[in-house]
There are 2 protein chains.
Amino acid sequence: MLSPPATELIAKLQRAQLLYTVTDLLGWDEQVNLPPASAGQRAEQLALMAELQHAAASDPRIGALLAELEQPSAPLPAEQRVIVRQARRDYDRVTKLPADFVREKAAHSSHAYHAWADAKKGNDFPGYAPFLEKHLELARREAAYLGREAAPYDYFIDQNDPGMTADVIGAMFAELKRELVPLVRSILQSPVKARTDLLRGCPVEGQRAFLREVTERLGFDYQRGRIDVSLHPFCSGTGSDTRMTTRFNVDEPLDALFSSIHETGHGLYEQGLPAEFVGTGLGMHAGMGVHESQSRLWENQVARGRAFWRCFEPRFREIFAAQTAAVSSDELYLAVNSVMPTLIRVDADEVTYNLHIILRFELEKKLFAGELAVRDLPTAWRAASKELLGLEPANDREGVLQDVHWSGGAFGYFPSYCLGNMMAAQLWYAALAARPALEDDFARGDFSQLLAWLRKNIHSQGRRQDMGALVRSVTGAELSPKALMRYLRERYGALYLG
Amino acid sequence: MLSPPATELIAKLQRAQLLYTVTDLLGWDEQVNLPPASAGQRAEQLALMAELQHAAASDPRIGALLAELEQPSAPLPAEQRVIVRQARRDYDRVTKLPADFVREKAAHSSHAYHAWADAKKGNDFPGYAPFLEKHLELARREAAYLGREAAPYDYFIDQNDPGMTADVIGAMFAELKRELVPLVRSILQSPVKARTDLLRGCPVEGQRAFLREVTERLGFDYQRGRIDVSLHPFCSGTGSDTRMTTRFNVDEPLDALFSSIHETGHGLYEQGLPAEFVGTGLGMHAGMGVHESQSRLWENQVARGRAFWRCFEPRFREIFAAQTAAVSSDELYLAVNSVMPTLIRVDADEVTYNLHIILRFELEKKLFAGELAVRDLPTAWRAASKELLGLEPANDREGVLQDVHWSGGAFGYFPSYCLGNMMAAQLWYAALAARPALEDDFARGDFSQLLAWLRKNIHSQGRRQDMGALVRSVTGAELSPKALMRYLRERYGALYLG
């Protein structure tokens, strides 16, 4: 079915992909296993692998094959079109950025990272500002190399979520903000208060056993994956070898559990992508937002729901008998769904998390539009924080300096988190419409129907469509905040505003 | 101090070395972490890395630099001579073996491995014999490519232990056999009998804690290394990131302990090689036999000695209080030094282990000399086993089919184990002569004097000298079985023939 140039192209792409998997494993090992004094050698290994990967991905033969396959005289079958489109995208990015620029950005990212870490420690935004300014300049240059000098922020958004733009996101986030801020206010005024310090002293071994049982039941294939411990949870690898991490705190057993379920959502997506087409548009996730929709769907719509706890609460109580003895089911369920605005994004609950993202998106957008100077960021951050979260940071450490992303030049990345939340809710109602008994399945411990639906509609699709088109074809509606608001109102309304 | 071509050569060698460290980590991860169904991708990753490594190691620029540095008109400083000599050796091997041959050998090794595993399972030597014959043919061809067609077995011995030959080994092993067989016979006739089933039900956590304390005290630097669990213990990596493994059995706590100390000996050697010259003759171990001398010295001369147990027995009893309650110090020490011939090499004690090696060496030598046909191996094995060990295998599974080595074409590898034992004993007496109070140090928990002596005399030397020359300069005597026999007589004579 594949033409000879398409076959050769796939082989070239998969060679680069295989090198990527090696680099990825080195990164996983760095977070999970690396002895402290071995970081120098690891940096050298990663630099060499990056060089080899770049050489494989920019192989001129890929360019020649693409030119051949893109000839209008030879209309391609749809599947090959997907492969060629994505390969062109990747090839352009890897060949149009001059090597000197890539080196300059990498070097600056390293310096900026350390400047950020120092600035955060010393609460010294002015010391970090020049590094951020330089990153913005590099970002404009990068967009220009790819022919996107007119819309550099859109270029970065598109890197993370193909097809998405700042205008489209801006409209959705504005609507979400309008609806979400009052909902949060109502929840906070509710006499119902979740207690999050209910479960103390839960031994790590019990937590480990429980989350392993849960994630396995959700469908994570441990024959092709693992879960380990790292400082920050993540999921790496591909479906052939999917490696998740979590972290344990004896006084916060829900943390390890929910972060593991979140990573399981990412892992299930990777394990469901068509393995034979890994490294091509057919075997590749559809973008960061879609990836996040998978993690969020399992973490929030599924695992914060009543049916999930109907299934797993008895086992949870069995493992943590002493710790849960004085905790009622309702208290436990409320702790799982606590809402409490915080200044720190990574500590936020699923309701207010979206407000943190809107804040960052609005500031990034203004920075790129030239409507906000880097030196004015702290003031703008404080004002936005007050408006969105009702909280004002006492210092920049818990404000504009809290996130690592910008220090690495990762712009246009934050929106994906909230796009993922919106898509997750929209998928949830579509799945429920396709199988109304979904929550009865969950209560019986059967998550296979939902997984099968996601496998068919999302995972097996690879990057055939971008996020917008994918949501449209699976849910019959445009991506929007409506489903997310409906879901939040249903779940949190019932708990807090009942 | 280094000339420009030498500097460039080192950079090229270290690039290949860095790729090797990545491959090595993939291998470690395969043994320690790999999910069962992820083996296919790992094989692809390893094949690609092997290709890249081969390209880096056979870079024609290395050949040009070597030619320049080898010009007789430019006599090199001694250190650069070491680098050039080793680089020539590696470059010739990597460039003189045709790619087709390398592929053929790799493919045959894979087939032969499976044939061996099947044959072992089914006790079917005739089914495996053709694969072994083919390996011998490949081995002769390989030696011929390197200009060693007249002495193919010497070629393989030299691959593992530079400078060593079958004749030199044969003379040493003949002497060792003459002395060792009667010693084993006397020990077996002794009324003193070690009990090896003394320590049952020792929890893994306690074993792990104890061996960690021990190996750290011996000097292993856990800032640049780790210990994990795998099916078979090994040590991989270099001094920048040294990864050992062990395995636990609650009823055999001495197994994990001694295998960890063995791997610690390998690890200490790697951690003591000059890091700035890694990948060159100055930063490379001096051969498999020398490597084994380091593991054996710590495992046997040190950790099976009275002084070591004087230091660690109290802590061992503290951790395993219940399990050791009815065990006397003498019983424990005898268990550490039990002697019992077995048909299986990997289960052998340190005394009879050498006989297993002599058996294999004698058969390999005859195979290469054409004095023994593959089809006659089982008979020859049984006869040799009877002669050396006093035991006759009931079937080939516990005879000629027991080892994996030949199925991978690894000839000339077995002798290193026994050469290492001889060298270890010889180093031990040299170290004792340099510091007579060594065992008093041990009893106090101080192993730093021995380590410093090894660092200075062995580790820091890299591959400046081959095994024979190294032993000569450090001990003042030729490598021989004399020290090993003296050591075995002293330690085991005192215990069993007192």
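**Note on a predicted two-chain model**

1. In chain B of this predicted model, three strands make up an open sheet in the order β1-β3-β2, and their pairing is mixed. The strands at the edges are β1 (225–229) and β2 (235–238) of chain B, each of which has a single partner strand, so one side of each is left without a neighbour in the sheet. From one strand to the next, the twist averages 15 degrees.

2. Within that sheet, β2(B) pairs with strand β3 (residues 241–246) of chain B in the antiparallel sense, over four bridges. As a place to look in the structure, B:Gly237 stands opposite B:Thr242 in β3(B).

3. Two helices pack on this sheet and deserve a careful look. Helix α1 (residues 4–32) of chain B touches β1, β2 and β3 of chain B, and its direction makes about 155 degrees with that of β2(B). Helix α10 (residues 253–272) of chain B also touches β1, β2 and β3 of chain B, and the direction of helix α10 makes about 165 degrees with that of β3(B).

4. Turning to chain A, strand β1 (residues 225–229) and β3(A) pair in the parallel sense over five bridges, and A:Asp228 has A:Thr245 as its bridge partner in β3(A). Strand β2 (residues 235–238) of chain A, by contrast, runs antiparallel to β3(A) and is joined to it by four bridges, with A:Arg243 of β3(A) as the bridge partner of A:Ser236. Between β2(A) and β3(A) lie two residues, and the two strands form a hairpin.

5. Is strand β3 of chain A largely enclosed or left open? Six of the six residues of this strand (residues 241–246) are buried, so the strand is largely enclosed by the rest of the structure. In a regular strand the side chains alternate between the two faces of the sheet.

6. As to confidence, chain A has a mean pLDDT of 96, and 100% of its residues reach 70 or more. The model scores ipTM 0.93 and pTM 0.94.

Technical notes:
Residues numbered from 1 in each chain as written. Chains lettered and ligands numbered in written order. Predicted model: local features only at pLDDT ≥ 70, side-chain atom pairs only at ≥ 80, totals over all residues. pLDDT = per-residue confidence, 0-100. Buried ≥ 20, exposed ≤ 12 C-beta atoms within 10 Å, placed from the backbone. Pairing = 2+ DSSP bridges. Axes fitted to C-alpha atoms, helices over the stretch in contact; angles between N-to-C directions. Contact = placed C-beta atoms within 7 Å.
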